[in-house]
Structure formats: structure tokens, C-alpha cells
2 protein chains.
Amino acid sequence: MSGKLYALSSGPGAADLITVRAARILGQLDVLYAPAGRKGGDSLALSIVREYLGAHTEVRCCHFPMSADSAEKEAVWNDVAAALAQEVAAGRQVGFITLGDAMLFSTWVFLLQRIGCPEWLEIVPGVTSFAAIAARAKTPLAMEQQSLAVISCTAPEADIAAALRQHDSLVLMKVYGRFARIKALLAQAGLLDAALMMSEATLPGEQCWRRLREVSDDQPLPYFSTILVNKQWEEA
Amino acid sequence: MSGKLYALSSGPGAADLITVRAARILGQLDVLYAPAGRKGGDSLALSIVREYLGAHTEVRCCHFPMSADSAEKEAVWNDVAAALAQEVAAGRQVGFITLGDAMLFSTWVFLLQRIGCPEWLEIVPGVTSFAAIAARAKTPLAMEQQSLAVISCTAPEADIAAALRQHDSLVLMKVYGRFARIKALLAQAGLLDAALMMSEATLPGEQCWRRLREVSDDQPLPYFSTILVNKQWEEA
């Protein structure tokens, strides 16, 4: 069998929200690369997929620095991309796992930039965190002619405010550390009552806040916290 | 066991891109409701999930009219919502399947409006068509501070043009019957070279067009055709 690289989306958190395809591939891998949040730390993506791994699969955790030093970041991305290509050249079945969907706000995309589109690469899509949040909160993302914007709370404030004006429905990702600012933008746009916030959706620590005007600006939040806004939705 | 209703996302098309959770639930259902495109016609969502159904599961295809007559539409939604609630009251395990993700541009949301948020309802999220398109085309949806807009080509032209200006990345859904108009909007925005179109992603009939300026305005398109725009992406 010739070598192959699979970029595997592990979904929002619950182990049974990965796809059947990803589960089957995980069972056949020679080696799995898993990004870890901290050096030597655990990988959340790895904890999601561990039950599907084959008995012989080697696991390699790799740490991607969050630092603003882009030379350091780029060196790590270059190294991991080269390591993945070398494993494939040696004829191995190689996996790289990401949280949520591999193509949306994921470290994988920086590796894809370096690896390009070789024949030996397959990307397996996954359930995004916001699809899971919508399902858990029973609040739709969009219907009919409505539009949905998915934005990072690290984006410029004016861009977030414009998106809040123009779309029927919004997903505000990466709220961690920026809640007070985002809450103020929602208040200015008159959207506090159309918003909900969810952390760690589908995991045991899942939390949901529905009345954001009552949530303190300094509410401690888990790292994976997202706000969903739907201007049009009223429950039956 | 008391009755329960599962809104099950069947994913973009390939049977193994449903979630492990949806596959397990499908095997335990007493009855599965499947939307059919035409009266008496086949259900694409049903064809995706059929292999996971239990031997005893009853299948009921229901047709939702596409007509502009909203009284007719509403009567059908009311009838199906009432039927689902009755099955649950009778203690049955009931499924309703949708293409892609249940909470995004799906018929399920009209039923959710009528059913509300009872304890006996669970919504199982799924892989969206655009996550599958991004994976197949090896073109990312968004990274870092970028923003993604997901819009329907049935939306007002000015809204589509504004979204094309303001976001780094866009998914234009429901292109069928509107390709010439959308191509003109992309040309006006200078984005024809940043766009690709994909039909029936992950299904045997999958097609991908990468040079939209060379695609004829009257190119025949399958019903499930979507355009993905990423202004920032350049392949390695």
C-alpha cells in the first residue's frame, strides 16, 4: 500500500460526532499526529478520537506555539509539514487530527499551505462547533434567504459591527478573553436578546448562557466559547 | 423506553460522512421520516442513510411542496410536525433526516418552529455541504482573523454584492437556476479567479469547475451546486 496523508476532522467534542469515515481511517493508521495546546500538554482532539485508533498506531503530539513571533510559528509549521511528507514517502498511512472541521479556523490550513495538493492527501470534513451549538441550543443557523456570517472575535471591531448589522444570523468564534468587548458590540446593535453563548458544546462541561445582558463582563469562560446570534428566530 | 424524536443530519452525500452517533441511532429507530424532492420521488437523504437502518424500521417518505403557495406549505409542515409528535406520544423512537446539517437551510427548521423544544427532541448535527466542498477542493473556508459568509443565491442581489465585498471567504448556496446572475456579480467584484463551483460533492457525480470565467452562462448544473470564494487563498 502506498503512503497516504489524511487530514481528519474530529468534530465538536463528543467522540460519536466524528464521521464514520474518520472512525474507519483512524483504525488503519500507522501514525497519528495530534496538535497539543501546550508543550507536553494533552491534545483535546486526541482525547476525542482515541477510542477509534488501531492497536498499532503510533501517536505523536506536536505543539504549535500561539506566540506572535511568526518566525517561530513558521519554523514549526515547516517542520511538521516536512515530517508528514516524509512519513508518506516512507509508505505509511498518516493522520493529522483537528478540532471541528479541518478547513475552518484550524492549524491544518497552515500545513496545507505548505503541503499543497498532492495525490496522496485526503481531507475528511467534520461537524463544525457551530453546527453542534445550534443543535444543542435548538436554535437554527439560517433558513430560506437568510445569511450566516462566521467571524472570529479577533477580527477588527468595525468588521464585527458591520457583520452584526448585515446578517440574519452570526457565529462569533474565539470569544475567550474578548467577552466584554463583544457584549458591548451586541448591546450597541440591539442584539443581546437574540444571542446565546455556549462553551464546550457536546462535552461533559457544556454550558449555555441565554440572557447575555445578565452575564457579568468578567464571567470566567472556558477556552472554547462561542456566541450564536439569530435575529429572526423565535421559539414556538 | 419512552418516545423520542431525533432530527438526524445525513451530511453532504457520501454515506460514510454521517456521524457515528447518527449511524447508531438509525439502527434503533422504529420509524424514519424522509423528505422527498418530488411527490412519490426518491429521497436523496434516505439513499445516504439506508445502509444504517435497522431491519424493523418503517420508512415514511414525505413530500414538501416547493410552491410559492405558503398556505399549502404550512399545511404540510403542520401535518408532519403533528405526525412526529404523535409517534413520540405513542412511545416510538422516531427519526427525521435532512441533507447536510439539520440547522442550516433545511426543511427541518420549519418543523422545529412547530415542535418547539420538548425534552423528547434531540438534534444530531452533521457535516455541511460546504465543509465537504472545501475538503474535496482542498480550498480552506477561513483561517485566523478571516470571516466567512454563507449566503443563499436566492437572496437580494445587493446583499450578495455587499457580502462579496466584505468577507474574505464566501459560500454561495442554491446556485441552481441562478448561475449567470452570480457569475456576473463575481465578475463585477473581481472575484472570478478566486471562486470555484462544485456539484454533488462526495457523491459519484461530483463535478468541480475552477475557471468560472470559462464556464458558459447556460452551463447545465445539477440541483446541488455551490460556489466557494476565498480571496486570500493561494495554493502552495
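Q: In which helix is the place of B:Val76?
A: B:Val76 sits in a helix of chain B. Helices (H or I, at least four residues) and strands (E, at least two) are DSSP runs, numbered from the N terminus. The place of B:Val76 is in residues 70–89 of chain B, helix α3.

Q: What kind of model is this?
A: Residues are numbered from 1 along each chain as its sequence is written, while chains are lettered from A and ligands numbered from 1 in the order in which they are written. Side-chain values use heavy atoms, leaving out hydrogens and water; local features need pLDDT of at least 70, side-chain atom pairs count only at pLDDT 80 or more, totals for chains, interfaces and linings use all residues, and the model is predicted.

Q: Which residues does B:Val76 touch, not counting those up to four places away in sequence?
A: Contact means heavy atoms within 4.5 Å. B:Phe64 is twelve residues from B:Val76 along the chain, and their C-alpha atoms are separated by 6.7 Å. Beyond four places in sequence, B:Val76 touches B:His63, B:Phe64 and B:Pro65.

Q: Are α3(B) and α4(B) roughly parallel or roughly perpendicular?
A: Axes are lines fitted to C-alpha atoms, for helices over the stretch in contact, and angles run from 0 to 180 degrees between N-to-C directions. The axes of α3(B) and helix α4 (residues 108–115) of chain B come within 9 Å and cross at roughly 65°. Angles under 35 degrees count as roughly parallel, over 145 as roughly antiparallel, 65 to 115 as roughly perpendicular and the rest as oblique. So α3(B) and α4(B) are roughly perpendicular.

Q: What is the handedness of the crossing of α3(B) and α4(B)?
A: A crossing is left-handed if the near helix is turned anticlockwise from the far one by less than a right angle, and right-handed if clockwise. The way α3(B) passes α4(B) is right-handed.

Q: Which residues of α4(B) make the contact with α3(B)?
A: From α3(B) come B:Glu74, B:Trp77, B:Asn78, B:Val80, B:Ala81 and B:Leu84. The contact divides into seven nonpolar, one polar and two charged residues. Here Ala, Val, Leu, Ile, Met, Phe, Trp, Tyr, Cys and Pro count as nonpolar, Asp, Glu, Lys and Arg as charged, and the others, Gly among them, as polar. The α4(B) residues are B:Phe110, B:Leu111, B:Arg114 and B:Ile115.

Q: Which residues of α7(B) make the contact with α6(B)?
A: Helix α6 (residues 157–166) of chain B and helix α7 (residues 179–188) of chain B pack at about 40°, with axes 10 Å apart. That makes α6(B) oblique to α7(B). B:Glu157, B:Ile160, B:Ala161 and B:Leu164 come from α6(B). Those of α7(B) are B:Arg181, B:Ile182, B:Leu185 and B:Leu186.

Q: What is the area buried between chain A and chain B?
A: 58 residues of chain A are in contact with 57 residues of chain B. Buried area is the accessible area (1.4 Å probe) that two parts lose on being put together, summed over both. Carbon and sulfur atoms give 66% of the area, which is about 4900 Å².
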